[in-house]
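Here's a quick tour of one protein chain. Have a look at the model first, then read on.

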Amino acid sequence: MSDVKSGRRERYAALTRAAVLDAAKELFVAKGFEATSVEEIARLSETSKGAVYHHFSDKREIFAEVFRGTQLAVMQTAIASTGDSGQPWDRVEAATRAFLRSYVADDDARALLRQAIEVLGWSRVRALDEETALPLLRATLEEFVQAGVARPLPIDAATQLLFSLYCNAVLFIAADDSDVAGASRDIETVIFALLRGLKAPPPDSTESQ
């Protein structure tokens, strides 16, 4: 019986936490972080301030979880776009395109990204992004170098530079809502040109000799 009660409590806690995050996301997007109060989050999520603070230490932690969720969703979209077939660099371009265009399609993601650095600070934002993006970039580069389709570059340096490139790319897209599609196209052009420089030259090229 105790296991049943424990399971019910866990499910209720998970539902409450999800409701708080959903309400907070709606308010942060509509009103901004500073103009949103914990009282409003509790009211919209149909819970109490005590329940909100049971799950989160403060409003900034709520924002961090909301932001992490949107970033993870974008990464999952990018990964899903690659499929299981195709040439290695084709998969990278497909993932890059899906990653960038997710910010074009998702108004909420852009709104949260514009607030994130001011609310959380650059170091915290970078740390949150590193949880999902950095391991994927590192694994991809290692795979490509080992397979001979990428130049034998220092993995740590290349991973960090690519990570910074993608971070700044989405900031560029989110900076101005007047033409996000055009901003994404411009960024894609630049990133794809830079990625070509990472490709290993053909075996019969003069560069490889």
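## Helices all the way

Helices (H or I, at least four residues) and strands (E, at least two) are DSSP runs, numbered from the N terminus. Going along the sequence, you'll read the pattern α-α-α-α-α-α-α-α-α. That makes nine helices and zero strands.

A word on the model: it is predicted, so local features need pLDDT of at least 70 and side-chain atom pairs count only at pLDDT 80 or more, while totals for chains, interfaces and linings use all residues. Residues are numbered from 1 along each chain as its sequence is written, and side-chain values use heavy atoms, with hydrogens and water left out.

## Size and packing

The C-alpha trace spans about 70 × 50 × 30 Å along its principal axes. How many of the 209 residues count as buried? It's 39%, where buried means under 20% relative accessible area (1.4 Å probe, protein chains only).

Now for contacts, meaning heavy atoms within 4.5 Å. Take those between residues at least 6 apart in sequence: 70% of them join residues at least 24 apart.

## The largest pocket

A pocket is an open set of points on a 1 Å grid over the protein atoms alone, where a 1.4 Å probe fits, with protein on both sides within 12 Å along at least five of seven lines; lining residues have an atom within 4 Å of a point. The largest one holds about 620 Å³ of space, a volume filled by probe spheres set on the points, which are joined across faces, edges and corners.

Of its 30 lining residues, Met75, Ala95, Leu136, Leu137 and Thr140 are the closest to the centre. Helices H4 (59-80), H5 (88-105), H7 (122-147) and H8 (155-174) each give two or more residues to the lining. H7 supplies the largest share, ten residues.

Definitions and conventions. Buried < 20%, exposed > 50% of the residue type's maximum accessible area, 1.4 Å probe, protein only.
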